Amino acid sequence: MSLEKIGSVQAHAERVWDLSTHSGIPLLASCSSDKTCKLFDISNGIKEVSKLDEETHSKSIRSVQFKYSKDTTYPTLALGSFDSTSSIWGADDFKSKWELLAVVEGHENEVKCVDWSIDGKFLSTCARDKSIWIWETDELNEEFECVAVLSEHEGDVKFVNWNDKGLNDDHTFISGSYDDTLRVWRQDSYDEDEWNCVANLSMDSTVWSATWINNNTILCGLDDGRVIQCIRKVDNNKDGVDRDNLPSTVKDVEDWIIDKVWSKHEGSVYSVSCKDDTVVSGGSDGVIRVYNLNGDILAEKRLAHGTSEVNVVSVVKTGVVASGGDDGVVALWKV
């Protein structure tokens, strides 16, 4: 099968860094090195409906993420910028004027990624300063209190990605770094102010992106072109002991392993994404690949953005994906 382009727009004057799809509204957000964030109605093709204030960030906007909600009113999104700050935006509905709700400061330099926990209680940010900050938010998304700073990575932290496939209160996320590791973090079940690195997987290559397939499966895109699956080996009755009922100090290490390679791109895999039963990868070779949950390749598109690199791919819904490239174009594709 192939990918059919069902819509595209020259969204930005410079490269598109990131995309995010709202969970309850046919709304797609893009951000760029041109310091702008734009929003598009994707209910029928792709049509620009809003552009956020250009004066908020003084450098590239590297990351955009909608707060999870099935509600069709009061959408909220977060932006992370190379100016070392993150900004929070909200609107009455997606066609209304978006307002700046808060500016979140703390990192020493470039913010590389922002992401919300699925219950909306926490926002995580990561940066070139090798740290991950976890912020607790209020219901109005106007107050942000730092509850943890995690500094175990030894290189720039490229991304953070909360588990959106588990329970609403499953406060677990993953991170990747120039230190060639993927880390899994969980909130301590006895002390909610503590966050533990429960797994540290060495990849021998920079992990550019990762996505949750399910609670015990993670897919990673690597600098060497591999798209690899990692799984958590679960044995609750090891040695006849039910470890799920033991204190967290006993089970603060989990057995995650590299399971198999899904495919090999001809360049760095900058982005992987999963939603429902659709998985997608894209990277510097300009190729977009779509998979099922078993890792079988369902469709492929070469030169998806002409001669430009594909910086980001995002599953909109089953069988439909979005992409953004160095050419400043945002495109929609259907399998």
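Glu 254 is buried, at 12% relative accessible area; buried here means under 20%, exposed over 50% and partly exposed in between, with a 1.4 Å probe and protein chains only. The structure is a predicted model, in which local features need pLDDT of at least 70 and side-chain atom pairs count only at pLDDT 80 or more, while totals for chains, interfaces and linings use all residues. Residues are numbered from 1 along each chain as its sequence is written, and side-chain values use heavy atoms, with hydrogens and water left out.

### Salt bridges

The whole structure holds 14 salt bridges, each being a side-chain nitrogen of Lys or Arg within 4 Å of a carboxyl oxygen of Asp or Glu. Glu 254 takes part in one of them, with Arg 232. Arg 232 is partly exposed, with a relative accessible area of 27%. Strands (E, at least two residues) are DSSP runs, numbered from the N terminus.

| Pair | N to O distance |
|---|---|
| Glu 254 and Arg 232 | 3.5 Å |
| Arg 128 and Glu 110 | 3.6 Å |
| Arg 302 and Glu 300 | 3.1 Å |

Arg 128 forms a salt bridge with Glu 110. This pair links distant parts of the chain, 18 residues apart: Arg 128 is in the loop between β11 (122-127) and β12 (132-137), and Glu 110 is in the loop between β9 (99-105) and β10 (111-116). Arg 128 is partly exposed, at 44% relative accessibility.

Arg 302 and Glu 300 belong to a network of salt bridges that also links Glu 266 and Arg 289. Arg 302 is partly exposed at 42% relative accessibility, and Glu 300 is partly exposed at 27%.

### Nonpolar cores

In soluble globular proteins, nonpolar side chains tend to be buried together. A nonpolar core is a set of buried Ala, Val, Leu, Ile, Met, Phe, Trp, Tyr and Cys residues joined through side-chain atoms within 4.5 Å. The largest one has 32 residues, and those touching the most other members are Phe 173, Leu 182, Trp 195, Met 203, Ile 218 and Cys 220. Strand β17 (residues 195-202) gives the most to this core, with 5 residues. A second, separate core has 16 residues, among them Ile 25, Ala 29, Val 64 and Trp 98.

Beyond its neighbours within four places in sequence, Leu 182 is in contact with residues including Phe 159, Ala 199, Met 203, Ile 218 and Cys 220, where contact means heavy atoms within 4.5 Å.

### A four-stranded sheet

An open sheet of 4 strands runs in the order β1-β28-β27-β26, with antiparallel pairing. Its edge strands, β1 (4-10) and β26 (310-317), each pair on one side only. Two strands pair if DSSP finds at least two bridges between them; β26 and β27 (residues 320-325) are joined by 6. In one of these bridges, Lys 317 has Val 320 of β27 as its partner.

### Cysteines

There are 0 disulfides in the whole structure, a disulfide being a pair of cysteine sulfur atoms within 2.5 Å. Cys 230 is in no disulfide, and the nearest cysteine sulfur, that of Cys 220, is 4.2 Å away. The sulfur of Cys 126 is too far from the closest cysteine sulfur for a bond, because that of Cys 113 is 5.0 Å away. Cys 126 is buried, at 0% relative accessibility, and Cys 230 is buried with a relative accessible area of 0%.
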